[in-house]
Amino acid sequence: MWVTLDSAGSSVDTTVFHEDGIISGYRHPCSSATDCIISLFQLTNETVNIWTHFLPTWYFLWKLLTVILTRDVWHDSFTWPLVVFLVSCCIYPLASSCAHTFSTMSTRARHICFFFDYGALSLYSLGSAITYSAYVIPDNWVNSLFHQYYVPVAVANTIICTALACYSRLGFPFLQYNRNTIIRFPEYQFPKFAKFLRIVAFAYPYLFDNIPLFYRVFLCVGDGCTDNNANVLHHTHIALAFLTAFLYTTHLPERLAPGSFDYIGHSHQLFHVCGIISTHFQMEAVEQDMVTRRQWLLTHSSPVAFADTLGAAMLCVALSLGIIFLFSLPLVWSGNQGKIHGDKSPQSRAAAKGCWGH
Ligand SMILES: [Zn+2]
């Protein structure tokens, strides 16, 4: 039986790391980096999770390179929102596949891996908002007060939600967890509350970012509603996005037949696949709007500014990295203590990594 040690050295039940309805196929909870990479080619309950995000990374990278090579991105600022969005579409599946690959190196590695995963998802959320502001917002909302504050609010949401998602794992760094003390451990003690916080952290910015799109395709009637041939792609993206959220929250189908979908077909794999297909349709819809509405938007909307596109994305990356650093620091610092004290025993090394087996 394997148990993990928290920073204080007391044992913690590892079943909190076991997903509902998934009984077998877990990797060793203290794998080496090499073991993690080798596991890509072995069938575990993470293998499909990893590949369903690693392969799409290359698809979106190919799409990004196509845009860079075929459009005048260096001089045409109208293309910048699409570039930012595509960069975020490359980063979020890559961060996720890395998190799923290396999360079993140690308890602490698992937390740090998923902090990066949350930061990448927030960047993707901001990338969506930036393209919606530039290409998707309906004609009758262009240059409105909402339009002027939409991207700045999206940046603020990104920062708040990255911090909230990171908080959902361990609480506040130094205040609720540090080298020797863990006052409160949301993911261990209240796994359902931790997951609820995480759902809020991703659902709220998604819903905010989609306000102009939902208004355009579901509520707007009459002139200025931008009813064009991109709408069917937007509808497909929205339907798949809600299916993605449904799979994440319900843990179906494995909840109905625990143990039957351990390796192939469990909800997290389906969540990855639906999310990626949703992102594909979102990308197609955004590009369609960009091409179809280009002349009208260039005439009627404010010019695309660096601050609202590349600048906002860079600010988000810098602040998210700062938040991830802040939340990771107590874990990294703690992980070095065994080395600092010169204790080379297997027990101390395992404890320093945040794991221990017997
Ligand atoms: Zn995942």
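Trainee: What do I need to know before I start, and how are residues numbered?

Mentor: Residues are numbered from 1 along each chain as its sequence is written. The model is predicted, and local features need pLDDT of at least 70, side-chain atom pairs count only at pLDDT 80 or more, and totals for chains, interfaces and linings use all residues.

Trainee: What is the mean pLDDT of the chain?

Mentor: The mean pLDDT (the predictor's confidence in each residue, from 0 to 100) is 85, and 85% of the residues reach 70 or more. Over residues 1-16 the pLDDT is below 50, and that stretch has 38 contacts in the model beyond near neighbours in sequence, where two residues are in contact if their C-beta atoms, placed from the backbone, lie within 7 Å. Residues 335-353 also have pLDDT below 50, with 21 contacts beyond near neighbours in sequence. Where pLDDT is low, the predicted coordinates should not be read in detail.

Trainee: How many helices and strands are there?

Mentor: The chain has 12 helices and 3 strands, taken as DSSP runs numbered from the N terminus (helices are H or I with at least four residues, strands are E with at least two). Among contacts between residues at least 6 apart in sequence, 75% join residues at least 24 apart.

Trainee: Which residues does the "transmembrane region" annotation cover?

Mentor: The unreviewed UniProt entry places "transmembrane region" at residues 78-95, 115-137, 149-172, 193-208 and 310-333; its positions are in the numbering used here, feature names are shortened, and annotations may be inferred rather than shown by experiment. In the model, residues 78-95 are 89% helix and 0% strand, with end C-alpha atoms 28 Å apart, while residues 149-172 are 92% helix and 0% strand, with end C-alpha atoms 30 Å apart.

Trainee: What span should H7 have, and what does the model give?

Mentor: Helix H7 covers residues 191-209, and its 19 residues should span 27 Å at 1.5 Å a residue, which agrees with end C-alpha atoms that are 27 Å apart. The expected span is 1.5 Å times one less than the number of residues.

Trainee: And which residues of H7 are buried?

Mentor: Ala194, Arg198, Ala201, Pro205 and Asp209 are buried in H7, and they cover an arc of only 50° around the axis, which puts them on the same side of the helix. Buried means that 20 or more other C-beta atoms lie within 10 Å of the residue's own, exposed means 12 or fewer, and partly exposed is in between, with C-beta atoms placed from the backbone; the arc is that of the directions from the helix axis to the C-beta atoms. On the other side of H7, Lys192, Phe193 and Leu207 are exposed.

Trainee: Is Trp62 buried or exposed?

Mentor: Trp62, which lies in helix H2 (residues 47-70), counts as exposed because it has 12 C-beta neighbours inside 10 Å. The C-alpha atoms of Trp62 and Cys90 are separated by 9.4 Å, although these residues are 28 residues apart along the chain.

Trainee: Which peptide bond is cis?

Mentor: The one joining Leu252 and Pro253 is cis, with omega about 10°, and Pro253 is found in the loop between helix H9 (231-250) and H10.

Trainee: What about phi at Asn143 and Thr226?

Mentor: Most residues other than glycine have a negative phi, and most peptide bonds are trans. Asn143, in the loop between H4 and H5, has a positive phi of about 70°, and is exposed, with 11 other C-beta atoms within 10 Å. Thr226 lies in the loop between H8 and H9 and has a positive phi near 55°, but it is buried, with 23 other C-beta atoms within 10 Å.
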